[in-house]
Amino acid sequence: MGREARRDSGPSAQDRADESEAELVAALRQQAVARGLLPAGLGADDDPEAVHAALESLLAAELQPAVAGEDECRRYYEAHRQEFVVGERLLARHILFAVTPGVPVDALRTKAEQVLLRLRGDSSGFAGQARELSNCPSGGAGGALGWLDAAECAPEFAQAIFGRDTLGVLPQLVLSRHGFHIVEVLERAPGEVPAYAEVRERVAAIMARRAYINEARRYLTSVVR
């Protein structure tokens, strides 16, 4: 489907998200005015910094997120141990189908999925396909990426390939900011999970963030009703 056809197909998900965000900000501004944090006549674009500061003050005053106790933090740690792994590395190669301006994304995805299906059946031709098709410089080396750790990768790429024990061609395309990747993991060097005491502050920060988000959702839902 071309870009022009998509323009005529009604509001996009992004359009709806933008409208929802605008409604939310407007509702928060009304609350800030009602509490004397903003002058009633201040326009949305008159003083963005003042508006931002007022909304921050409003949320700080209204939100009362719960503080996670030690037992709750320990339960989170035990249920999400893989999040805290350090030192994990893997040997991989990939084929990148880059998303660039003017490229029909649906057609590109379909092509990538067709190649993925073939390589899932027989990966012996992976290097040749990488040399022929990949838009990454690594294509010249058969797609070889060498040994990687998560810090070396784009976050969305790292999330898709680390923290699991799968070897071989991954069953799904990996979507990153660069495009669609077919990834083959050749070897894994598992990392270690630090003791709870070593990551206690990190766990507490995660729990505090989750509590804040939940409380913010509750408050914002009440504001826009």
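Two strands pair if DSSP finds at least two bridges between them, where strands (E, at least two residues) and helices (H or I, at least four residues) are DSSP runs numbered from the N terminus. The legends below concern a predicted model, in which local features need pLDDT of at least 70 and side-chain atom pairs count only at pLDDT 80 or more, while totals for chains, interfaces and linings use all residues. Residues are numbered from 1 along each chain as its sequence is written, and side-chain values use heavy atoms, with hydrogens and water left out.

**View 1. Overall arrangement of the protein chain.** The protein chain contains 8 helices and 5 strands. Read from the N terminus, the order of elements is α-α-α-α-β-α-α-β-α-β-β-β-α. Of its 225 residues, 33% count as buried (under 20% relative accessible area with a 1.4 Å probe, protein chains only; exposed means over 50%, partly exposed in between).

**View 2. Strand 1 and its partners.** Strand 1 has 9 of its 10 residues buried and is therefore largely enclosed by the rest of the structure. Strand 1 pairs with strand 2 (residues 144–149) in the antiparallel sense over 5 bridges; within strand 2, G146 is the bridge partner of A92. Strand 1 also runs antiparallel to strand 5, to which 10 bridges join it. Here L91 stands opposite E187 of strand 5.

**View 3. The largest nonpolar core.** A nonpolar core is a set of buried Ala, Val, Leu, Ile, Met, Phe, Trp, Tyr and Cys residues joined through side-chain atoms within 4.5 Å. The largest one has 14 residues, of which I95, F97, L119 and I182 touch the most other members. Two or more residues come from each of strand 1 (89–98), helix 5 (105–121), helix 6 (126–133) and strand 5 (179–189). Helix 5 gives the most, with 5 residues. Another core, of 13 residues, lies apart from this one and includes L90, A92, A158 and I161.

View 4. Helix 5 has 17 residues and reaches 24 Å from its first C-alpha to its last, close to the 24 Å expected at 1.5 Å a residue (1.5 Å times one less than the number of residues). Its buried residues are L108, A112, V115, L116 and L119. They cover an arc of only 105 degrees around the axis, which puts them on the same side of helix 5; the arc is that of the directions from the helix axis to the C-beta atoms. On the other side of helix 5, L117 and G121 are exposed.
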